[in-house]
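This briefing sets out selected features of the structure shown below.

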Amino acid sequence: MPITYAQEQTLTAADYIACVGRTTLGPARPLGNPVRVQQILDNSPIIVTARDEDGSLLGIFRGMTDWHWVCYCADLAVVEGQQGKGIGKALMDKAAEILGPRVAITLLAKPDAEGFYRAIGMTQPMAAFLRPRTDRS
């Protein structure tokens, strides 16, 4: 099954919700609020998608970047049933290609995903800190 990886800045909230809702990230995202999801997408400088030959969305990389130093990967999601096929790594590779060699990619991993990130060659910094949101709607 050929997969197309592309920057897709016009991704719709409906597509995002359908894809991320079929991943372990779903419960941690405001999928019940499509207006907010669209605002999130509209303000994300880089969105890379993985689509199959029928155009079905298999995965998403969504990042925040200055295009010169760092990109924070806010979402790396591959739908259940498609995980373990190299799609997540290919999304990261495509994002890195678009960002260029001078831009590092950083992220906060869910505990059950740490092994994946190590396996694709990412290093783990000493510490990360989070100021939590007060509104989850």
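Is aspartate 15 buried, partly exposed or exposed? Aspartate 15 counts as partly exposed, at 30% relative accessibility. The model is predicted, and the values that follow are computed from it. Aspartate 15 is taken up again below, under its salt bridge with arginine 51.

- Strand β2 comprises residues 46-51, and six of its six residues are buried.
- Ile46, Val48 and Ala50 point one way from β2, whereas Ile47, Thr49 and Arg51 point the other way; all are buried.
- Strand β1 (residues 4-7) runs antiparallel to β2, and four bridges join the two.
- Glutamine 7 has valine 48 of β2 as its bridge partner.
- On pairing with strand β3 (residues 57-65), β2 is again antiparallel, here over six bridges.
- Arginine 51 has leucine 57 of β3 as its bridge partner.
- A hairpin is formed by β2 and β3, with five residues between them. In its turn, glycine 55 has a positive phi of about 90°.

- Six salt bridges are present in the structure.
- One of them joins arginine 51 to aspartate 15, with the closest N and O atoms 3.3 Å apart. Because arginine 51 lies in strand β2 and aspartate 15 in helix α1 (residues 13-20), this pair ties together parts that are 36 residues apart in sequence.
- Another salt bridge is formed by the side chains of aspartate 75 and arginine 29, at 2.6 Å from N to O. This pair links distant parts of the chain, with aspartate 75 in strand β4 and arginine 29 in the loop between α1 and α2 (34-42), 46 residues apart.
- Aspartate 75 counts as buried, at 1% relative accessibility. Arginine 29 is partly exposed, with a relative accessible area of 22%.

**Helix α3**

- Helix α3 holds 13 residues (residues 87-99). At 1.5 Å a residue, α3 should span 18 Å, and its end C-alpha atoms are 18 Å apart, which agrees.
- The buried residues of α3 include Ile87, Gly88, Leu91, Met92, Ala95 and Leu99. They cover an arc of only 140° around the axis, and therefore lie on the same side of α3.
- An α-helix has 3.6 residues a turn, so residues three or four places apart point the same way.
- Aspartate 93 and lysine 89 both lie in α3, four residues apart, about one turn of the helix. A salt bridge joins aspartate 93 to lysine 89, the closest N and O atoms being 2.9 Å apart.
- Both partners are partly exposed: aspartate 93 at 42% relative accessibility, and lysine 89 with a relative accessible area of 38%.
- Glycine 100 follows α3, and its phi is positive, near 95°.

- Phenylalanine 116 is found in helix α4 (residues 114-119). Phenylalanine 116 is partly exposed, with a relative accessible area of 34%.
- Between phenylalanine 116 and glycine 88, the separation is 28 residues in sequence and 9.0 Å in space, C-alpha to C-alpha. Glycine 88 is one of the buried residues of α3.

- Where is tryptophan 67 placed? Tryptophan 67 lies in the loop between β3 and β4.
- Most residues other than glycine have a negative phi. Tryptophan 67, although not a glycine, has a positive phi of about 70°.
- Tryptophan 67 counts as partly exposed, at 33% relative accessibility.
- A nonpolar patch on the surface is formed by Met64, Tyr72 and Leu108, which together have about 250 Å² of accessible area.
- Within that patch, tyrosine 72 belongs to strand β4 (residues 70-78). Tyrosine 72 is partly exposed, with a relative accessible area of 32%.

Notes:
Residues are numbered from 1 along each chain as its sequence is written. This is a predicted model: local features need pLDDT of at least 70, side-chain atom pairs count only at pLDDT 80 or more; totals for chains, interfaces and linings use all residues. Side-chain values use heavy atoms; hydrogens and water are left out. The expected span of a helix is 1.5 Å times one less than its number of residues. Buried means under 20% relative accessible area, exposed over 50%, partly exposed in between (1.4 Å probe, protein chains only). The arc is that of the directions from the helix axis to the C-beta atoms. Two strands pair if DSSP finds at least two bridges between them. Patches are made of residues with over 30% relative accessible area and no salt bridge: like charges are joined within 9 Å, nonpolar side chains (Val, Leu, Ile, Met, Phe, Trp, Tyr) within 5 Å. Accessible areas come from the Shrake-Rupley method with a 1.4 Å probe; for residues, only the protein chains shown count as cover. A salt bridge is a side-chain nitrogen of Lys or Arg within 4 Å of a carboxyl oxygen of Asp or Glu.
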